[in-house]
Structure formats: structure tokens, C-alpha cells
Amino acid sequence: MANLNLFNPSEEVSNLLKKAKESENPYRLFWLVVDHKQCTIDLGESVLKKGTWQQDYKEFIERLPKSNQPFYLLLHIKSDTVNWSLIHFCPSNADVRAKLSTASVKMTLKNIMGPIMINNDFFVDDYDDLCLEKVIDRILRNKQTNLFRSKQEIEESYHQDMEVMTKIEHSNLAKTGGAFHYNCLLDDKGQAALIDFKSKKVISLRFAMSPDITKIIIDGKITSNDSTPLLSCFEFGKNNQQQLLPEHFQPGYILLSFKHLNPTVQNEILEKIVLVCFVPVDNTLPVKLRFAYSVNQSSFLNKLKEKLDADVVHIEVDDLKEVTVERMFFLLYPQLDSSGCVEAKNDENRLKFEKPSFKRRGPRRLIQ
């Protein structure tokens, strides 16, 4: 069983975080990166106090190299206090393993620093949002919110987060290939709904995490009696930008059946099953729920394939406007070009990405 506190700070980071707790610490900022292969929290850079926090932060951000790797910034704003701000940066195009590893480290950092020392905590997914002006705006907004939170409330919130992480930790969690996979549980109503989906009584199902984040529950469904674009049979090139799901859907897993004309075989009608993992990039969804949806996705996908006895293609989106007819075709047929044509290789029946035929070797010969 893997431990969610598997990611430990390096010796250098541990020493710096100890100094950060001191009232006269000389550091303004720590840039922390997570090595999911070595399972360590490493130091990208430490910045000493030179001018005001705005001057020190702006100077650092302007020379920060841009990449798709997530990281944390620990920022000390007021020199006369021991309070720090924690900025979690995770771009949408980051590697899934890196996302999961970095998300799991957040509670480790809070546990090391203490819940009261980190008085600002927010999520950013774009380098533009790391600019000084936007960071000041986020800090001011958080400050207004924290004015109504007592010290006891902050501690209670911290202990609730720790309780949720402990529940996930002591579930069937296994570490494979550097990524976390949670063997999720599906409630009885959810399993019954999958039977209806398999028998085509329903067109789409919505699943969500239970309030205690211990299992996946059914959250809604779309039937043939509902007004939905999913009732249509789609053809590539026609209504390509049509949105397939309503925008009021809540975050979670959305299972749908996509009926369409096969673009590679003339007049062939197919129905493909697609799982949409919808988690918005804004900060409306708690980090613990983000983490739960991420780590459950792999095992839930395998469970769907087993229950439905069919192949299920999955896609991750942060906005339901992305779930369009065109996106579905490119997901299901990666060999399609923008005009809907399929490039052939050697002959008309072989697709561009088809696995090459296997050529057997001749009889083995002994070399003397």
C-alpha cells in the first residue's frame, strides 16, 4: 500500500522550511518542484529578501522559465509575521503523473509548515496569472475571506482536509509506474444504471464522488425522452462545432454514447462509448475533490470496460464547451485530417496509424 505522504522534502528543503518558521528568516520566496520518480520535494530556487515583497516577487517571476511542469511557490509577504502564502501552479497541459504527484504534496507542505502559518493558499493554471498584479488581487480577495474565519475555524478546516487525505490513503491505493491509481468503489445504484446504459435505456450517465470521498455514486442521467443532441447520428463535417452536453452539468465523470457514421467505411453506423472527465480549472472545486477525481479515473475506466464489456475511450476537459462533435471524431479517429479524409499507407485498406503486419523470422541457425 502506498502512502500519500510518500513525497518527502529533500534535506535542503527541510532545512529551509525550518528557517521559514523563524520570526527573522532571511528568505522571501521558495520555488519548490516535485520529482515524482524520486518521490522528493526539491528546491528550484530560494530568493533572499532585498526590497519589498512586490519587488522581490516581480524580479523572480520575470526570469522564471516557462514549462508545463507544476510547482509550488512559498511567498513571505509581511516581514513582521511568520505567515506565508502558498501558490500551487499546475498548467492544464501538464503530465498527468506530475499533476497527481504535485497535488498530493500540498498537504505535506501544510503539515510541515503548520495550518496557521500558511494564511493564503490558491491555485493557478496559467503563467499570466502569476504576474504581480493578479497575485496581489488574489491575496486581497483571500484576505477579505479570512477576516471572517477565526483561528479555530482554520484549524478545523485543516483537520478536515487531513481526514479526507487519510481516508484516501487507507483505501485500496497502489502506486504503479510513478502514478497513483485508486481502486474506486461504485455504489449499487451506479451499477444498476450501467445495466440500463448497456441495454440502451439511457444515453448518458453522470457520476460524482460521494460526500465522504469513499465511492462513486450516480448523479443523473439522460434518456431518449430528453431533448439532447446525443439522439442524433453525426457525420463528420456537419455540425462539427455542436456542443453535446449541457453547460449546467456538475464536475465529475460523464458517460455517453456517440452515434455516428464511420468516416473510414462508407454508410456504416457505429456507436462508441466515451467517458468525459470534467474538472474545471478555476478554483471552484476543492483541491481534495480534484485529487480524488484524478486518482479514481484510471480504475473507474477499467471498471466501466469490465461492466459494459466494451471499449471505452476517455477524455479530460475543463470546460464542457470542448465536448463537440468534431472533438469526438478526432478522439475516436486520430488518423482523420481536418477535411475528414483518411490517409492511406501502401494500400487503401491500411490506415495511417495501423500497426504494421508482422513478418516471421526464418528458422534459427546455430553459429559455430
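**View 1. Asn239 sits in the loop between strand 10 and strand 11.** Helices (H or I, at least four residues) and strands (E, at least two) are DSSP runs, numbered from the N terminus. The phi of Asn239 is positive, near 55°, and the residue is not glycine. Most residues other than glycine have a negative phi. Asn239 has a relative accessible area of 56% and is exposed; exposed means over 50% relative accessible area, buried under 20%, and partly exposed in between (1.4 Å probe, protein chains only). The model is predicted: local features need pLDDT of at least 70, side-chain atom pairs count only at pLDDT 80 or more, and totals for chains, interfaces and linings use all residues. Residues are numbered from 1 along each chain as its sequence is written, and side-chain values use heavy atoms, with hydrogens and water left out.

**View 2. Lys200 lies in the loop between helix 6 and strand 9.** Lys200 also has a positive phi, near 65°. Its relative accessibility is 58%, so Lys200 counts as exposed.

**View 3. Five strands form an open sheet in the order 10-9-11-12-13.** The pairing is mixed; two strands pair if DSSP finds at least two bridges between them. Strand 10 (216-223) and strand 13 (312-317) are the edge strands, each pairing on one side only. From one strand to the next, the twist averages 25°. Axes are lines fitted to C-alpha atoms, for helices over the stretch in contact (heavy atoms within 4.5 Å), and angles run from 0 to 180 degrees between N-to-C directions. Strand 9 (residues 202-209) and strand 11 (residues 252-261) run antiparallel and are joined by four bridges. Leu205 stands opposite Leu255 in strand 11.

**View 4. Helix 6 and helix 7 lie across strands of the sheet.** Helix 7 lies across strand 9, strand 10, strand 11, strand 12 and strand 13, and runs at about 45° to strand 11.

**View 5. Helix 7 (residues 287-308) is kinked by about 45°, with the kink centred on Gln297.** The bend at a residue is the angle between axes fitted to the seven residues ending there and the seven starting there. The 22 residues of helix 7 reach 31 Å from first C-alpha to last, close to the 32 Å expected at 1.5 Å a residue, where the expected span is 1.5 Å times one less than the number of residues. Buried residues of helix 7 include Phe291, Tyr293, Gln297, Phe300 and Leu304. Asp309 follows helix 7 and has a positive phi, near 55°.
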